[in-house]
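Dear colleague,

Please find the structure below.

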Amino acid sequence: MQNDFTEDPEEQSAFPQACLGGILGGVAIGLVGAVFRFCLSWTGHRYYQIVSEARAAGHLWWLLPILVSAAGAGLARWVIRSYPVAAGSGVQHLEGIVRGEAQPSPSRMVPLKFLGGLLGMGTGL
């Protein structure tokens, strides 16, 4: 019976490093996701507070939430416009990378997606 495992010491020593990299990457992604969720919740509460106060004030104050939403959408578009690959969920781009049709995006895309998503979703979109 033949052993399928490699006896190459270089490949064996790379396995713990790969596991550690995977664990650290997962923790980092989880922290970014948790911070995004917290910021989105905070922004959403502030937006709904604006809506409630505008409803109570009457007259033309009902325009304020509409203007806040439009400003958030415009700012989100402005942020994403500087880096078009950051638009959307990124699934198609990831599939392109796997197929070898696209290059991985630089790390500056993460803060752009974070800010764009926060501005867009946090202001009622």
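How many residues does helix α2 have, and how far does it reach from its first C-alpha to its last? Helix α2 (residues 63-81) has 19 residues and reaches 27 Å, close to the 27 Å expected at 1.5 Å a residue. Helices here are DSSP runs of H or I with at least four residues, numbered from the N terminus, and the expected span is 1.5 Å times one less than the number of residues.

This is a predicted model, in which local features need pLDDT of at least 70 and side-chain atom pairs count only at pLDDT 80 or more, while totals for chains, interfaces and linings use all residues. Residues are numbered from 1 along each chain as its sequence is written, and side-chain values use heavy atoms, with hydrogens and water left out.

Pro65, Ser69, Gly72, Ala76, Val79 and Ile80 of α2 are buried (under 20% relative accessible area, 1.4 Å probe, protein chains only). Seen down the axis of α2, the buried residues fall within an arc of 95° (taken from the directions from the axis to the C-beta atoms), so they line one face of the helix. Leu67, Arg77, Trp78 and Arg81, on the other side of α2, are exposed (over 50%).

A salt bridge (a side-chain nitrogen of Lys or Arg within 4 Å of a carboxyl oxygen of Asp or Glu) turns up 1 time in a search of the whole structure. Arg99 forms a salt bridge with Glu101, with 3.2 Å between the closest N and O atoms. Both residues, Arg99 and Glu101, are exposed.

Regards

Note on methods:
Helix = DSSP H or I, 4+ residues; strand = E, 2+ residues; numbered from the N terminus.
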